[in-house]
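Subject: Structure handover

Hello,

I am passing on the structure we spoke about, for you to look at before you read further. My notes on what was found follow below.

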Amino acid sequence: MPPQSTRTKVTVLGATGSIGASTLDVLSRHKDRYEVFALSAARSVDSMLDLCLRFKPQFAVMADPFAAELLEEKLRGSDIKVLSGDEGLCFISSHESCDCVVASIVGAAGLVPTLHAVESGKRVLLANKEALVMAGQLMMDAAKKSGALLLPIDSEHNAIFQCLPQTESGVEWRGVQKILLTASGGPFRQSTIDELRRVTPERALKHPNWDMGEKVTIDSASLMNKGLELIEACWLFGVTPQQIDVVVHPQSIVHSMVSYDDGSVLAQMGNPDMRTPIAHALAWPERIDSGVAALDLLTHSQLSFEAPDTNRFPCLRLATEAAEVGGTATTILNAADEIAVPAFIEERIGFMDIASHVENALQKIPAVAVDCLETLFETDLKTRELVKEAISRTTVAVST
Ligand code: MG
């Protein structure tokens with residue numbers, strides 16, 4: 001094994017989630033290239049303990065201070081330092097010994113540590129959508145200033161990255177006409193509006209192709225996930241919503257495409273397994289083994305494509321409109337969805353109500369320009385309160 005100093009030191013934010021697990025699987029295949037510098041989790045102490053014993057990071061951060069205390073107790077006598085809260089997360093994502101940060105905390109909670117990693121000029125593997133959806137301008141400005149390398153590991157954005165013209169520092173928009181962002185269409189692709197109104201959380205939580213966390217799975221079923229990805233793509237690749245077409249592709253084999261001025265369309269294909277985009281982004285511009293088998297085209301001879309229906313899936317329309325408005329509109333969209341989705345999982349609102357609550361928030365709260373994090377957090381909080389209040393009002397109305 002090469003000396004420690006030549007290996008890339010990786011911080012995994014959100015280590016106990018599904019992206020975290022995929023990342024650690026890829027890293028464990030390349031112990032000669034990578035070492036785990038730090039891990040973070042929200043509050044799953046036991047899962048974190050397992051990971052700490054297996055990967056022996058220098059730091060382990062629990063977002064929840066009480067969980068941090070428990071973990072510290074269990075790790076007593078080891079060399080692993082336990083930290084907590086936002087402070088701990090920012091410490092491990094901007095630490096000078098860390099080379100690469102995998103940003104896979106789900107939701108708005110991932111924003112600040114991700115921004116810290118970008119400001120510190122790290123190689124940042126971006127899985128946290130909210131960082132760009134809420135603070136795209138701040139994130140991209142910070143990357144430009146620090147020279148951070150932003151590499152998307154969301155499968156679609158990673159595919160787009162792979163299909164765009166490559167440069168030494170990333171990709172460029174040269175000779176390119178459009179991005180074709182693919183969507184699986186989710187489990188209710190063929191459901192009528194009436195059926196969609198009666199969708200249960202149990203059914204929505206079963207995604208046909210990808211194994212993901214609860215929030216992302218519901219967002220995939222409502223196509224909000226695709227809307228957030230469209231916003232993300234606008235920032236990452238410096239384009240407008242008009243330069244992106246969403247294409248429904250139920251088999252999730254083509255992960256996205258780029259069409260060129262000469263009529264060429266480049267697609268990135270592969271088995272739906274997050275380890276492929278993660279391995280790509282870890283090693284770019286090199287290629288390493290990800291543990292994913294090569295695609296067998298003969299077993300996937302049927303690839304189909306169709307247009308999305310924004311009448312049945314209004315979340316996609318709302319996200320596109322928010323991207324066009326810009327400023328804090330996408331922050332409002334995201335915050336409203338983050339409140340509405342758990343309310344749906346808890347059966348306090350219906351599936352179609354997710355979009356209604358998001359639309360209501362977008363209409364009620366005026367979008368303003370994003371100048372600093374405070375503006376974002378203020379808007380985020382105001383939106384959450386408005387949606388919570390609206391949901392409790394409807395819930396009371398139903399129960400009486
Ligand atoms: Mg995706």
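A disulfide is a pair of cysteine sulfur atoms within 2.5 Å. Please keep in mind that this is a predicted model.

Cysteines

The structure holds 0 disulfides. Take Cys-98: its sulfur has that of Cys-100 as the closest cysteine sulfur, but the two are 7.0 Å apart, which is too far for a bond because a disulfide needs the sulfur atoms within 2.5 Å. Cys-98 is buried, at 2% relative accessibility. Cys-163 is in no disulfide either, and the nearest cysteine sulfur, in Cys-234, is 17 Å away. Cys-163 is also buried, with a relative accessible area of 4%.

Aromatic pairs

How many aromatic pairs does a search of the whole structure find? There are 5. One of them joins Phe-59 and Phe-91, with ring centres 5.2 Å apart. The planes of these two rings stand at 75 degrees, and because an angle over 60 degrees counts as edge-to-face, the pair is given that label. The pair links distant parts of the chain: Phe-59 lies in strand E3 (residues 59-62) and Phe-91 in helix H4 (residues 85-94), 32 residues apart.

Are the two partners buried or exposed? Phe-59 is buried, with a relative accessible area of 9%, whereas Phe-91 is partly exposed at 38% relative accessibility. Both residues also belong to an aromatic cluster, which Phe-37, Phe-59 and Phe-91 form together.

Another edge-to-face pair is made by Phe-344 and Phe-351, at 5.5 Å centre to centre and with 65 degrees between the planes. Phe-344 and Phe-351 are both buried.

Strands of a sheet pair through backbone hydrogen bonds, either parallel or antiparallel. In this model, 4 strands form an open sheet with mixed pairing, in the order E11-E10-E12-E13. Which strands are at the edges? They are strand E11 (244-248) and strand E13 (265-269), each of which pairs on one side only. Neighbouring strands of the sheet are turned against each other by 20 degrees on average, direction ignored.

Strand E10 (residues 176-183) and E11 run parallel and are joined by 5 bridges. Across this pairing, Thr-182 stands opposite Val-247 in E11. Helix H11 (residues 224-237) packs on the sheet and touches E10 and E11. The direction of helix H11 makes about 150 degrees with that of E10.

Regards

Conventions
Residues are numbered from 1 along each chain as its sequence is written. This is a predicted model: local features need pLDDT of at least 70, side-chain atom pairs count only at pLDDT 80 or more; totals for chains, interfaces and linings use all residues. Side-chain values use heavy atoms; hydrogens and water are left out. Buried means under 20% relative accessible area, exposed over 50%, partly exposed in between (1.4 Å probe, protein chains only). Rings of Phe, Tyr and Trp (its six-membered ring) pair if their centres lie within 6.5 Å; planes under 30 degrees apart count as stacked, over 60 as edge-to-face and the rest as tilted. Helices (H or I, at least four residues) and strands (E, at least two) are DSSP runs, numbered from the N terminus. Two strands pair if DSSP finds at least two bridges between them. Axes are lines fitted to C-alpha atoms, for helices over the stretch in contact, and angles run from 0 to 180 degrees between N-to-C directions. Contact means heavy atoms within 4.5 Å.
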